Amino acid sequence: MDGKKQRILLVWMWGFSAAQGAAIISVARVFPPPSATWTAERVAQWYQGHSTAILVAAMLLAWTSAPLIQFAVVLWHQARRVEIGAKIWSTLTLIGVSLTSVFIAMIGMCFGTAAYSPYRAPEITEIMHQFGVLFMVTTEQFFIAGWVGVAMVCFTTPDRPDNPFPRWWGWTTVWAILLFEPGAVAFLFKTGPLSINGIFAFWIPSIGFALWTVGQTVLIWRALRIQDRIDDPSGAAIATEVTDGHIPAEAGTR
Amino acid sequence: MKTILSERGSRRSTVVWAILVAATLISWSVGIDHGMNYRFSTVVVLLVPFLKVYLVGMNFMELREATPVLRGLFNCICVVICGVLIAIYLTTS
Amino acid sequence: MTTAQTEVPAAADARRGRVPGEPGVWIMILGDLIVFGVLFVLFMSQRGSDPDLFNRSQLTLHRAFGGVNTLLLVTSSLLVVLAVGAIRAGEKVARALLYWALACAGVFLVNKGIEWNALIVDGHGLSSNSYFTYFFVMTGLHAAHVIFGAALLIAMVVLSGKDRPSKPHIGLVESFGCYWHLIDILWLIIFPLLYLVH
């Protein structure tokens, strides 16, 4: 039963994330963000050119802005299961990953506000646009805090089939943290690899974030199957799910 | 201090270090201004560091005794980076 | 192969080899190597679009800073190798070796700070031209890794304090040592790219 609740949260999270991705990539077209060297007039023209699309994207983002909360809860529950001693790292993960949702919601707000009255003074549109873009690229520390929690759980819990936080994943997460950190440096550059659409401040962190989230989901999904068996030794739940009612041979032998 | 420095492994590491230092001093002082063909000397300047990297990898990182897959991956990545850098240099200068 | 304790532990099957440190750390090491590799390639491509600008800007650098930094990191790598051997053998000298390695790292960072300051005072900043953007980005990202590596060296000092280090501890020590060597490797490439390629 616990496994089912967590699966629901994961599916919910990925469904909403897909909608979010579609909204910011193809509808609003702010992912990747346009160059930081655009003048205020150019930015204003861009918003005037597709304000309806951006407003629709903002609406979609408003509806789907918090999937990291669902993910955080699953991560937290999984980490608590295996963490030894006080559940400090698990709690860090919960809070860090959940709070990242706030920034994702802010992105929609900023771009939506910029597009809300696209014929106002260009500088004002520009500042809301810059808010959105900089929120998107520089505010990664909350998620990193969550990642630190995950990495610590990986390093301090023994590797077991029902533990979705193996040691090698801890190293991968530390690497992801190192790759994510340059994001904030986008404040200093208008062009080049560390600018808002540059390879180190934008592309690598975004791809790293996506790959990590997919990887962690896969690890948790696999662990949930094992956890189901541990929680349900007769195997009845898995039996009906997997073999259309035929009880498999190993059921009841745990 | 005597015990570890006299071990064969430590002596080998020290020899590697000496080679790295010598190579660094040479490339630092000579650079590429010594009348040779510019492009040739720059290719050398790009190649030598990767030989140093190979030495560090095989000896300091102990990849010489590592599983072939790991050693192969490391060497592959280094060869690719070195190759691409030299290729870009030769096609754009 | 001798069985002296400071030697690399013989693999169970010498042909198959062993993994230095923990397998997971190589994700980080090879991953970082690839990412920096991308940065190096970007630099060379950017250079290709305006070689004269890059050549001229390079002449304003003092090669000594780069050369000294290379010597410092190479020496620190040797010290780390010796320290790992000492930790395997349970010898107390490991601590002193690691402190010296940390000292090298410290001097490296101070040197870097002095060089940066000299360049900025001369009017060459982050956005002076694309050469200097890459200069500060490459050396800055590398310096951040040096700081991270130094934290790992401190962790090694703590691990070296154990009288009889267990296998997992030695695994961590080797892992952190290998990461430090990666930092050395990255600088071995950065130095000629920034200071010598013409």
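1. Let's start where chains B and C meet: 52 residues of chain B are in contact with 53 residues of chain C. Contact here means heavy atoms within 4.5 Å. Two pairs of chains touch in this predicted model, and the pair B and C has the most contacts. Putting chains B and C together buries about 4500 Å², with carbon and sulfur atoms giving 76% of that area. Buried area is the accessible area (1.4 Å probe) that two parts lose on being put together, summed over both.

2. A word on how to read the names and values. Residues are numbered from 1 along each chain as its sequence is written, while chains are lettered from A and ligands numbered from 1 in the order in which they are written. Because the model is predicted, local features need pLDDT of at least 70 and side-chain atom pairs count only at pLDDT 80 or more, whereas totals for chains, interfaces and linings use all residues; side-chain values use heavy atoms, with hydrogens and water left out.

3. Which charged and polar pairs link chains B and C? There are two salt bridges between chain B and chain C, where a salt bridge is a side-chain nitrogen of Lys or Arg within 4 Å of a carboxyl oxygen of Asp or Glu. One of them joins the side chains of Arg18(C) and Glu62(B), at 3.4 Å from N to O. The interface of chain B and chain C also has eight residue pairs in polar contact, with both residues at pLDDT 80 or more. A polar contact is a pair of N or O atoms within 3.5 Å; within protein, one must be able to donate a hydrogen and the other to accept it, and residues adjacent in sequence count only if both atoms are side-chain atoms.

4. Helix 2 of chain B brings the largest share, 14 residues. Sorted by class, this side has 32 nonpolar, 14 polar and six charged residues. For these classes, Ala, Val, Leu, Ile, Met, Phe, Trp, Tyr, Cys and Pro count as nonpolar, Asp, Glu, Lys and Arg as charged, and the others, Gly among them, as polar.

5. Now look at chain B by itself. Chain B has four helices and zero strands, so its elements run α-α-α-α from the N terminus on. Helices (H or I, at least four residues) and strands (E, at least two) are DSSP runs, numbered from the N terminus. Of the 93 residues in chain B, 43% are buried; buried means under 20% relative accessible area, exposed over 50%, and partly exposed in between (1.4 Å probe, protein chains only). Among contacts in chain B between residues at least 6 apart in sequence, 61% join residues at least 24 apart.

6. Next comes the other interface of chain C. Here 22 residues from chain C meet 16 residues from chain A. The buried area between chain C and chain A is about 1600 Å², and carbon and sulfur atoms give 84% of it. In chain C, Ile27(C), Met28(C) and Val35(C) lose the most area to chain A, together 29% of what that side buries.

7. How many salt bridges cross between chain C and chain A? The rule finds one. Arg167(A) forms a salt bridge with Glu22(C), with the closest N and O atoms 2.6 Å apart. Helix 1 (25–49), helix 5 (130–160) and helix 6 (167–196) of chain C each supply at least two residues to the side that touches chain A. Helix 1 of chain C gives the largest share, nine residues. The classes on this side are 15 nonpolar, five polar and two charged residues.

8. Chains A and B have no contact with each other, and their closest C-alpha atoms lie 15 Å apart.

9. Gln70(A) lies in helix 4 (residues 67–82) of chain A and is buried, with a relative accessible area of 6%. Leaving out residues up to four places away in sequence, Gln70(A) touches Leu9(A), Trp12(A) and Met13(A). Arg222(A), in helix 9 (residues 199–231) of chain A, counts as exposed at 58% relative accessibility.

10. Finally, confidence. The mean pLDDT of chain C is 88, and 92% of its residues reach 70 or more; pLDDT is the predictor's confidence in each residue, from 0 to 100. Over residues 1–5 of chain C the pLDDT is below 50, and beyond near neighbours in sequence this stretch has seven contacts in the model. For the complex, the predictor gives an ipTM of 0.89 and a pTM of 0.86.
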